[in-house]
Amino acid sequence: MTGPVRLRPCYAADIPALTALWQQVFGDSAETIAAFYHAFPRCRALAAEDESGALVSMLHVLPQTLTMEGRTYPAAYLYAVATREDCRGRGLAGTLLQFTEALLERLGYRCAVLVPAEQPLFGFYARLGYEPVFLRSRTPFSGGREISQAEYHRRREALLTGPHMTYGPELYAYLQSAYGVRFYETDTGIAAAGDGYTAEVLPEDLGGQPFAMAKWLGKPRALDPGYLGFALE
């Protein structure tokens, strides 16, 4: 592919093409991808398409909230960023990210957040202005007493006193449906875990290694190290 591309928002009619690109790049089943689109009805997808109208690069925007210094800010969790294999190396993902950031800023978002899928991508996103501000440890879940999602959310917000992502009911519901996650009180705090999958253990997961990156949209602003958790993996 050598011709020009067109950047645009996606719509419901694009889901089959988005699903095909998602499967090619990440290998997920059609059922898993359909569950994602069902769980996040407010998700926005954006794409680059070639001269024939085929989608060659894509990303998804999940509306979330960044809590920092006692205030909340609209934040965009950028997910499933992917480029068709034969179209890589042309800067399509970076161009699509810049297009998306400009749109998000006009819509009132203050911050874009993403989780690099592998270590080399930290350098790629850093060149686009993203900083590794969200840290995380990986703590095994050792068991606890099951509590409600509402109680878990309340206690999570009380534990996270620094900058962090505050999640809404859509993400909690997706964790439950896609990963079988349940919510627990532990001897030291709280945990969210399913069979063979631990979403987070708090406060043990706080600190640790760079895990996710963020970029302030609009006027630059320093971001102190914080906590993301609950990355969709």
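Me: What kinds of residues make up the lining of the largest cavity?
Reply: In this predicted model, where local features need pLDDT of at least 70, side-chain atom pairs need 80 or more and lining totals use all residues, the lining divides into eight nonpolar residues, one polar and one charged. Here Asp, Glu, Lys and Arg count as charged, Ala, Val, Leu, Ile, Met, Phe, Trp, Tyr, Cys and Pro as nonpolar, and the others as polar. A cavity is a set of points on a 1 Å grid where a 1.4 Å probe fits but cannot get out, and lining residues have an atom within 4 Å of a point.

Me: Which residues line the largest cavity?
Reply: Among them are Leu66, Met68, Cys111, Phe134, Asp224 and Gly226. Numbering runs from 1 along each chain, and side-chain values use heavy atoms, without hydrogens or water.

Me: And how much space lies in there?
Reply: The largest cavity holds about 40 Å³, and the search of the whole structure finds one cavity of 30 Å³ or more.

Me: Switching topic, how are the rings of Phe36 and Phe40 placed?
Reply: Their centres are 5.2 Å apart and their planes are at 50 degrees, so the pair is tilted, given that rings pair with centres within 6.5 Å and that planes under 30 degrees apart count as stacked, over 60 as edge-to-face and the rest as tilted.

Me: Are Phe36 and Phe40 buried or exposed?
Reply: Phe36 is buried, with a relative accessible area of 0%, and Phe40 is buried too, at 3%, where buried means under 20% and exposed over 50% with a 1.4 Å probe.

Me: Which cluster are they in?
Reply: Both belong to one aromatic cluster, which also includes Trp22, Tyr77 and Tyr197.

Note on methods. 1 Å grid on protein atoms, 1.4 Å probe; cavity = no way out; pocket = protein on both sides within 12 Å on 5 of 7 lines; lining within 4 Å. Points joined across faces, edges and corners; volume = space filled by probe spheres on them. Phe/Tyr/Trp six-rings, centres within 6.5 Å; stacked < 30°, edge-to-face > 60°.
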